Amino acid sequence: MKILGIQVLRGPNIWSINRKKLIQMRLDLGEMEQRPTNLIDGFRERIEKLIPTLQTHRCSKGEPGGFLARIEEGTWMGHVIEHIALEIQTLAGMDTGFGRTRQTKTEGIYNVVFSYIEEKAGIYAAEASVQIAEALINNHEYDLETDIQRMRELREMERLGPSTGSIVAEAISRDIPWIRLNKSSLVQLGYGKNQVRFRATMTEKTNSIAVDIA
C-alpha cells in the first residue's frame, strides 16, 4: 500500500459540516484491493490482540464489536486503516470518532478520512495506521506503544495553553467554530465578518498581539 497524499482540513468541508478538523489521506491499496480482510488468514485475531480496544467500535452494525464483525465478514483495508487511525489517537489521549472511507473513480485508490484533535498527531496517525495494517497483514510484530507515546508527545507540543484552551472549550460548547492560526496561541473564532481573533486572554481589540507578531 502507498500513501499518495495527506491533506489537513481545518473548516467546513465536503465530508462534514460539523466536523471541521479532519485528515484526508489518499491511499493506494495496491494488491490489497483484491484481498478483503476475510481472505487474510488470522487477520481478525491479530488486530484484536494488538488493539483490543477496537472492540468498542460500532461501525455500521451500530453496536460494540461491529467493526470486528465487519472484519470477519470481509472489508477493505482502507476501512481498517480509518479505524486504526482513530483508535490510536484515542489511546494517546485524543478522543476522536468520526471517519469515512470512500473509493475514488480510480480502482484501488481510496480517500481515508478521520477526525483529529492535534494536527501533527493526526498526520502521524495517518502514516502509522498504514504501517500497522501492513504489519498485521504480514503477521509481523509491531511496537504500538512507541506510536502512542510519540503522539502523546506531539499532543503536548501542540496543545493550547490553559487560558486559550478554556476559551476554545467554551466556544465549542456554544457551537462556535475555531481555527488555530499559528504555532502559538493565536486563535480565530467564527468566520467572515463575524470572526474574532485572540491570543491567551487578549483579543484583537488591543495592539499588543500585532506588536508581538511584528
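Figure 1. Buried means under 20% relative accessible area, exposed means over 50%, and partly exposed is in between (1.4 Å probe, protein chains only). Helices (H or I, at least four residues) and strands (E, at least two) are DSSP runs, numbered from the N terminus. Keep in mind that this is a predicted model, where local features need pLDDT of at least 70, side-chain atom pairs count only at pLDDT 80 or more, and totals for chains, interfaces and linings use all residues. Residues are numbered from 1 along each chain as its sequence is written, and side-chain values use heavy atoms, with hydrogens and water left out.

Figure 2. Skip the neighbours within four places in sequence, and Ile47 is in contact (heavy atoms within 4.5 Å) with Leu54, Leu68, Ile71, Val80, Ile84 and Leu136.

**Figure 3. Helix H5 and its buried side.** Which residues of H5 are buried? They are Leu144, Asp147, Ile148, Met151, Leu154, Arg155 and Glu158. These residues cover an arc of only 120 degrees around the axis, so they sit on the same side of H5. (The arc is that of the directions from the helix axis to the C-beta atoms.) An α-helix has 3.6 residues a turn, so residues three or four places apart point the same way. The buried residues of H5 pack against helix H1 (43-50), helix H3 (77-91), helix H4 (119-137) and strand S5 (178-180).

Figure 4. In H2, the buried residues are Gly66, Phe67, Leu68 and Ile71. They pack against H1 and H3.

**Figure 5. Strand S4, covered on both faces.** How many residues of S4 are buried? The count is 7 of its 7. On one side you'll find Ile109, Asn111, Val113 and Ser115, and on the other Tyr110, Val112 and Phe114, all buried. S4 runs antiparallel to S2, with 7 bridges joining them, and Met25 stands opposite Val112. Strand S3 (residues 99-103) also pairs with S4 in the antiparallel sense, over 5 bridges. Two strands count as paired if DSSP finds at least two bridges between them. Gly99 stands opposite Phe114, while Arg102 has Asn111 as its bridge partner. The hairpin of S3 and S4 has 5 residues between the strands, and Gly108 takes a positive phi near 85 degrees there.

**Figure 6. An open sheet of 4 strands.** These strands line up in the order S5-S6-S7-S8, with antiparallel pairing. S5 and strand S8 (202-203) stand at the edges with a single partner strand each, so one side of each has no neighbour in the sheet. Strand S6 (residues 186-189) and strand S7 (residues 196-199) share 4 bridges, and Leu189 stands opposite Val196.

**Figure 7. Two loop residues with a positive phi.** Most residues other than glycine have a negative phi. Asn139 isn't a glycine, yet has a positive phi of about 60 degrees. Asn139 lies in the loop between H4 and H5 and, at 54% relative accessibility, counts as exposed. Ala200 isn't a glycine either, and has a positive phi of about 55 degrees. Look for Ala200 in the loop between S7 and S8, where a relative accessibility of 31% makes Ala200 partly exposed.
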